[in-house]
Amino acid sequence: MTPKPFMGGLKIPHYKSFTEHASITVIPAPEQLVIPLRQHIGAPCNSLVKVGDAVTTGQKIGDSDAFVSAPVHASLSGRVTAVEMRPSHSGQDVPSVVIDVDDAQQPWCPSAPETRDLTKDGIIAAVKEAGIVGMGGAGFPTAVKLQPPADKPVDTVLLNGCECEPYLTCDHRVMVEMPEQILKGAAYIRQALGAETVLICVEDNKPDAVEALRQRNTDQSTRIVTVPTKYPQGAEKQLIKAVLGREVPPQLLPFAVGVVVQNVGTAVAVCEAVDQGKPLVERVVTVTGDNIADPKNLRVPVGTLLSHVIEQCGGLIKTPAKVIVGGPMTGVAQKSLSVPVTKAVTGITVLNPATAVTNGEYTHCVRCGRCVDGCPMLLYPNQISVFCEANLVERARQWNTMDCIECGICAYVCPSNRPIIRFVQDMKPRIQAAQRP
Amino acid sequence: MKADAELVVSSAPHLRDNRTVGRAMRDVFLALMPVTAVSLYFFRWNALFLISVCLITAVFTEILFRRMMKKEPTLHDWSAVLTGLFVAMLFPATTPWWKAALAVFIGIGLAKELAGGLGRNRFNPALFGLVALMLLSPLVAFLDEQFASLYVSFGTVDVLTQATPLAMLHQGMEMPSYTSLLTAFPGGALGETSPLFLFIGAAYLFYRGHLNWRIPASILLTVAALTAVLGQNPIEHLLVGSLPLGAFFMATDWVTSPFTNKGKVIFGVCIGIGVVIFRLGLAPTEGVAYSILIMNGFVPMIERWTLRPQFGQNRQTMARSVEP
């Protein structure tokens, strides 16, 4: 079974050389943490702490009774100084717990190995308790993904190590440096789902990661698959199509075709949660770009402000700068560095505005069809952009605007410089509003 | 929250490739340079004068209409000068300047700018200008009479006194060799001078990624197949008249051709059929311009027929209810 490329997509220069061989390093603890009570898709958590409380590393500080949610924990020990709305990297204000970090840090102590529960329910409970969410960027609660509907049995788990987004290398480094944890976490995920096979999918531009995983893999039911380097290979539906030949129908989840996709970083978190009871309080973040003095892959406590992380990398070379949370294709440009790193932040890409595009003038669609050729969802971005621009909500819905995955290819190739992704992002809530009774 | 003045904010994606409409149009302009050079070689000052008239008219028409409609001028996207050059390519070197200028004026002013500007025009501006002149032949005759004394000529051109290859084909005359048909057999419009040099330009466009092969391939194959079936010499048909120019440069215009791949094939096949009907049925009219222009009008319909199902949706369940 050789992966066949999905339709559409594009070869994009990947600019990974800034950090692809930089080992993961730990940064000094920040003085303050801002931990959002919603770092995931789903219901926000309620704060379990109040101002003045002392918190220890790994202590649960927010939880929710909702099924689709994930608890949050204190990443470092300290004292709660505020529970209030704070800006997040998505641009919205989110209820957050602000912690002044102690100078003397007690390290987090793992639970004893004999308390491990390797039953299906035990694994799911450990994942839920650890607050694990999809670490590839989407932030969907992992425990929910481990509980498929009864009528949709899962036979295959795909571990996503494609990292197709330009510049980012956090998954790459995790695969090179922590292959054992990935393989172990993969096995736990497979057991929790009762699946037969795990396929770890890596783009063929990361041979060292493939090699590291293959060398350590002893599990018969796990295989490492290389997939062609093509953007957006790491998009869930495109990856399933390429590796398994299965197409997830519009509006449905991978459950519909018996598949669950998890990021490789998530597998590491699952491994640590099940083996040691460790909550998700830190993650690997790539700090990269042509406008950061010292690009690095860093292990960052959740809640650390971007300003602290950027300081640890020597700061910005030139100002003004464009600071993007995530990669350059799908990431969000920040208007302030006082927003925290969350569980789903894969990278911080710092670009010189002279090399990065800013939203300039755009003209009519000239119908060249490049976006049509590139669209991995096989939509018609040209038509969608025209209807979104004219605010024709019903037309935009008919042309399947809601199925756009916002990969950015259409806007990347558009010779008329049309901000198609912005149009789509503005239109989606309007379509949803129009569909409500 | 206060925005940090040192940070630049814009929407994703934050990368773009370097292709722009202006660059593409400039590439098409460059791709026409080989055949332009050949036409200048054969027709000398007459050709230079005709091309100059078209380019200057193009620039002024564009400025005039953009001003009238209170829009920023868009000369930098090269589309106006390109239309000017296309019109020049569609006329013989001795064409009176008012005729060429009128075609450019109608093409850019009416077919493009009044339709809403580049991208909103349904018809190829240059072909629209050319065909409009045919429809307005009484007006052209009137202008010919009025402006006769203003006719500018740089001497007779020997090669223009011979019959065009297309006319020779129609009249069943003995045809020149394939080699001379391919390389250069001047006699008709500037852009018909040399298929070989058009192919060189087309190869450049293909190399630069601007040319989708589906439209020219389906036009040329259709013409070749139909003429062969009808007992004609397909190679001669492919090399004469404005078919090479039309197939590679005019039918492939982004704005006025279908954006679906299947649609491009249907579009090309229909143009090919049209060309053969005009050439064999309605002789001696040149059918390329008419065929492309007619099919331009059918583009929205063709696109609607040929939409692909979206990802994860098979053909049976595909919603066909979308309006263009």
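Author: Two strands pair if DSSP finds at least two bridges between them. The model is predicted. In it, A:Ser47 stands opposite A:Gly62 in S5(A).

Reader: How do you know that S3(A) and S5(A) pair?

Author: Two bridges join S3(A) to strand S5 (residues 60-63) of chain A, and the strands run antiparallel. The rule asks for at least two bridges, so the two strands count as paired.

Reader: Which strands are the edge strands of that sheet, and what makes them so?

Author: The order in this open sheet of three strands is S3-S5-S6 (chain A), with antiparallel pairing. Strand S3 (46-47) and strand S6 (72-73) of chain A each pair on one side only, and these are the edge strands.

Reader: How many bridges join S9(A) to S12(A), and how do the strands run?

Author: Strand S9 (residues 156-161) of chain A is joined to S12(A) by five bridges, and the two run parallel. The rule asks for at least two bridges, so five are enough for a pair. Within this pair, A:Val157 stands opposite A:Val260 in S12(A). Helix H7 (residues 264-276) of chain A packs on the sheet and touches S9 and S12 of chain A. The direction of H7 makes about 85 degrees with that of S12(A).

Reader: What is the order of the strands in that sheet?

Author: The four strands form an open sheet in the order S11-S10-S9-S12 (chain A), with parallel pairing. Its edge strands are strand S11 (222-227) and strand S12 (259-263) of chain A. From one strand to the next, the twist averages 25 degrees.

Reader: Moving to chain B, why is H1(B) called roughly parallel to H3(B)?

Author: Helix H1 (residues 21-31) of chain B and helix H3 (residues 79-90) of chain B pack at an angle of about 25 degrees, and their axes are 9 Å apart. Angles under 35 degrees count as roughly parallel, so H1(B) is roughly parallel to H3(B). The crossing of H1(B) past H3(B) is left-handed.

Reader: Which residues meet there?

Author: From H1(B) come B:Met25, B:Val28 and B:Phe29, which meet B:Ser79, B:Val81, B:Leu82 and B:Leu85 in H3(B). By class, the residues of this contact are six nonpolar, one polar and no charged.

Reader: Why is H4(B) called oblique to H5(B)?

Author: H4(B) and helix H5 (residues 125-135) of chain B pack at an angle of about 125 degrees, with axes 7 Å apart. Roughly perpendicular covers 65 to 115 degrees and roughly antiparallel needs over 145, so H4(B) is oblique to H5(B). H4(B) passes H5(B) in a right-handed crossing. Among the residues that make the contact are B:Lys99 and B:Leu102 of H4(B) and B:Pro125 and B:Phe128 of H5(B). This contact has 12 nonpolar, two polar and two charged residues.

Reader: At what angle do H2(B) and H4(B) pack?

Author: Helix H2 (residues 33-68) of chain B and helix H4 (residues 97-113) of chain B pack at about 35 degrees, with their axes 9 Å apart. H2(B) passes H4(B) in a right-handed crossing. The residues of this contact divide into 11 nonpolar, three polar and three charged.

Reader: What makes the peptide bond between A:Thr319 and A:Pro320 worth a remark?

Author: Most residues other than glycine have a negative phi, and most peptide bonds are trans. The bond joining A:Thr319 and A:Pro320 is cis, with omega about -5 degrees. A:Pro320 is in the loop between helix H8 (306-312) and strand S15 (322-325) of chain A. The peptide bond from B:Ala12 to B:Pro13 is also cis, with omega near -5 degrees. B:Pro13 is found in the segment before H1 of chain B.

Reader: What is the phi of A:Tyr15?

Author: A:Tyr15 has a positive phi of about 45 degrees, although it is not a glycine. This residue is in the segment before strand S1 (24-26) of chain A.

Reader: How many residues of chain B are in contact with chain A?

Author: On the chain B side there are 34 residues, in contact with 56 residues of chain A. The chain B side has 16 nonpolar, 10 polar and eight charged residues.

Conventions:
Residues numbered from 1 in each chain as written. Chains lettered and ligands numbered in written order. Predicted model: local features only at pLDDT ≥ 70, side-chain atom pairs only at ≥ 80, totals over all residues. Axes fitted to C-alpha atoms, helices over the stretch in contact; angles between N-to-C directions. Left-handed = near helix turned anticlockwise from the far one by under 90°. Contact = placed C-beta atoms within 7 Å. Nonpolar A, V, L, I, M, F, W, Y, C, P; charged D, E, K, R; others polar.
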